[in-house]
Amino acid sequence: FQAEDGIRDYKVTGVQTCALPISSCWQHEAGFVSVYAPTESNSTEQDIDEFYADVQLAISAASTAIGSRSVPVMGDFNVNLGNDACGLGVHSRLLGKSLRQGPSSPNCGQLLAFCEQNGLGIIQSKQNPSLMGNEANWYTWKHPWTGQPHMKDFILLPEEELRAVRTCRPHDHLGVLTDHRIVVCRLNFSKRALARIGKIGRAHV
C-alpha cells in the first residue's frame with residue numbers, strides 16, 4: 001500500500017499545515033496532519049501562535065473527515081527540546097525523559113502547551129532514555145555549518161494510543177529528498193484498541 005494511492009483529500013489549513021485523510025487498503029479511514037513550523041530566528045511569537053492555530057484547524061478538519069479524533073500530528077516543529085523541558089510542568093503522560101542534554105529553545109513552550117491542550121504525547125520523548133547516549137538514535141537534522149545535531153521533527157500521538165508505540169526512530173536513506181532524517185514510528189495495537197477501527201495489526205507512521 002502506497003500512501004499516495006489512498007489519499008482522498010488534501011486540505012491546506014494554513015501556510016504551513018495540511019490535513020490528509022487517507023482511504024487505506026484496510027477499508028478504514030485514517031488521517032494525519034503534516035506541519036512545518038516557522039523558524040524561531042525568522043518569526044515572531046505571533047507567527048508561532050498563528051501556526052499552532054492553523055494546526056488546530058488541521059486536526060479538526062482531519063478528525064471530521066475520518067470521523068475520529070485519532071489524528072497524529074507530525075513534521076518539523078523547529079523546536080529544540082532539551083532535558084530541562086521535563087521541569088516545565090507538562091504532565092508526564094505527554095512528555096517522557098528521552099530528551100537531549102542541554103537547554104530547550106525559547107519557543108518550546110508553545111509546543112508543550114499545544115500538546116497539553118490537545119492531549120498529544122511527544123512520542124520520541126517516551127522512548128528508553130538509554131537510547132539518548134547515541135545521537136544516531138535521536139537527531140533528525142544537523143546544522144549545515146556547525147554540524148550540531150538537533151531533534152526537531154516530532155510525531156505527536158493522542159495520549160490514549162501512546163501504549164501502542166513500539167519504536168520511534170529517525171532513519172537515513174528512505175528515498176526522500178530532504179536534509180532531515182525521516183522519523184518512523186511503529187505501533188502495535190491490541191484487539192481492544194483496534195476494535196474501533198476494525199482491523200488488527202500494525203501501523204507504521
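## Terms and model

Ala, Val, Leu, Ile, Met, Phe, Trp, Tyr, Cys and Pro count as nonpolar, Asp, Glu, Lys and Arg as charged, and the others, including Gly, as polar. The model is predicted: local features need pLDDT of at least 70 and side-chain atom pairs pLDDT 80 or more, while totals for chains, interfaces and linings use all residues. Residues are numbered from 1 along each chain as its sequence is written, and side-chain values use heavy atoms, without hydrogens or water.

## Second largest pocket

The lining of the second largest pocket comprises two nonpolar, ten polar and two charged residues. Among these 14 residues, N78, N80, W141, H150 and K152 lie nearest the centre of the pocket. On a 1 Å grid over the protein atoms alone, a pocket is an open set of points with protein on both sides within 12 Å along at least five of seven lines, and lining residues have an atom within 4 Å of a point.

## Largest cavity

In a cavity, a 1.4 Å probe fits but cannot get out. The lining of the largest cavity has seven nonpolar, six polar and one charged residues. Its largest share, three residues, comes from strand β9 (residues 165-171); strands are DSSP runs of E of at least two residues, and helices runs of H or I of at least four, numbered from the N terminus.

## Helix α3

Helix α3 (residues 108-118) has C108, Q110, L111, L112, F114, C115 and N118 buried, that is, under 20% relative accessible area with a 1.4 Å probe, protein chains only. Just after α3, G119 adopts a positive phi of about 65 degrees.

Methods: Buried means under 20% relative accessible area, exposed over 50%, partly exposed in between (1.4 Å probe, protein chains only).
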